[in-house]
Amino acid sequence: MNRKVVYTASCLLVLLLFCLHEIFLNFHPDIRNVRVALKFSMSFIPFVLSYFGWKNHRNVLGLYVTEGLLLCCIADAVINLQLIVGIVLYMLGHLCFIVGFIKIRKPHFIQYVLWIVTALTISLLLWFVPEKPAQIKIAAIVYTLFMTAMVSFSYCGSKRIFLGGIIFGLSDILLMISMALGINDGIFHIFSLGIYYLGVLMFANRTFVGAEDAIPVI
């Protein structure tokens with residue numbers, strides 16, 4: 001089996017599903033269950049890729065990335081139905097990523113500094129967003145702590161993981177801006193949500209296509 005061909009085909013399938021999701025969002029917003037199913041399917045594909053990559057090579061990074069992608073997959077399906085539950089599942093997914101990254105390479109001091117600075121900056125901005133319930137702001141701030149830690153610690157020796165972490169984090173920041181400003185469709189939404197799937201596909205790429213060069217535990 002040519003893994004690169006399978007991975008490329010999987011990316012094209014995610015792109016097709018994403019286009020269908022945006023069509024339903026913009027033209028049939030009342031059919032929520034279809035969008036939930038499409039979001040689950042888009043996230044399920046990177047999880048499956050990561051799972052089979054880990055199953056064949058059994059490396060530490062692959063295990064934690066696969067667990068994180070599974071939790072994000074479930075969160076994608078749940079968040080449109082139960083916002084807080086979805087946020088908690090995403091946080092648990094980030095926790096899996098963080099543990100995996102730290103097991104591969106101990107973070108440098110500068111990574112902790114970047115985590116604290118970015119987390120505090122985003123949290124302050126979130127707190128002063130008008131017309132949002134306090135519990136939603138608190139949940140978003142707690143999530144921000146996990147998300148920024150994931151991005152900061154994603155510099156663990158794999159360029160694909162690092163790039164995926166940055167893209168994932170950027171997507172979350174843009175989605176938060178989208179929610180704060182009440183932007184639910186349009187080019188901004190397409191870009192902010194679309195790059196999320198690019199980020200998780202980068203994680204899956206490292207586990208599925210690049211699993212042979214598994215990073216040893218340091």
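Reader: Which residues form one aromatic cluster?

Author: Happy to start there, with a word on the model first. This is a predicted model, in which local features need pLDDT of at least 70, side-chain atom pairs count only at pLDDT 80 or more, and totals for chains, interfaces and linings use all residues. Residues are numbered from 1 along each chain as its sequence is written, and side-chain values use heavy atoms, leaving out hydrogens and water. The cluster is made up of Phe18, Tyr90, Phe97, Phe101, Tyr143, Phe168, Tyr196, Tyr197 and Phe203.

Reader: How many aromatic pairs does the structure hold?

Author: Rings of Phe, Tyr and Trp (its six-membered ring) pair if their centres lie within 6.5 Å; planes under 30 degrees apart are stacked, over 60 edge-to-face and the rest tilted. By that rule, the number of aromatic pairs in the structure is 18.

Reader: Why is the pair of Tyr112 and Phe153 called edge-to-face?

Author: A pair of aromatic rings is described by the distance of the centres and the angle of the planes. For Tyr112 and Phe153 the centres are 5.2 Å apart, and the pair is edge-to-face because the planes stand at 65°.

Reader: Is Phe153 buried or exposed?

Author: Buried means under 20% relative accessible area, exposed over 50% and partly exposed in between (1.4 Å probe, protein chains only). Phe153 has a relative accessible area of 5%, so Phe153 is buried.

Reader: Which residue does Arg58 lie over?

Author: A charge sits over a ring if NZ of Lys or CZ of Arg is within 6 Å of the ring centre and within 35 degrees of the ring normal. Arg3 lies over the face of Phe208, at 4.6 Å from the ring centre. Arg58, at 4.3 Å from the ring centre, lies over the face of Trp54.

Reader: Which residues line the largest cavity?

Author: On a 1 Å grid over the protein atoms alone, a cavity is a set of points where a 1.4 Å probe fits but cannot get out, and lining residues have an atom within 4 Å of a point. The largest cavity holds about 30 Å³ of space. Its lining residues are Ser43, Pro46, Leu69, Cys72, Cys73, Tyr196 and Val200.

Reader: Where does the largest share of that lining come from?

Author: Helices here are DSSP runs (H or I, at least four residues), numbered from the N terminus. Two or more lining residues each come from helix H2 (32–57), helix H3 (60–78) and helix H8 (186–208). The largest share, three residues, comes from H3.

Methods. 1 Å grid on protein atoms, 1.4 Å probe; cavity = no way out; pocket = protein on both sides within 12 Å on 5 of 7 lines; lining within 4 Å. Points joined across faces, edges and corners; volume = space filled by probe spheres on them.
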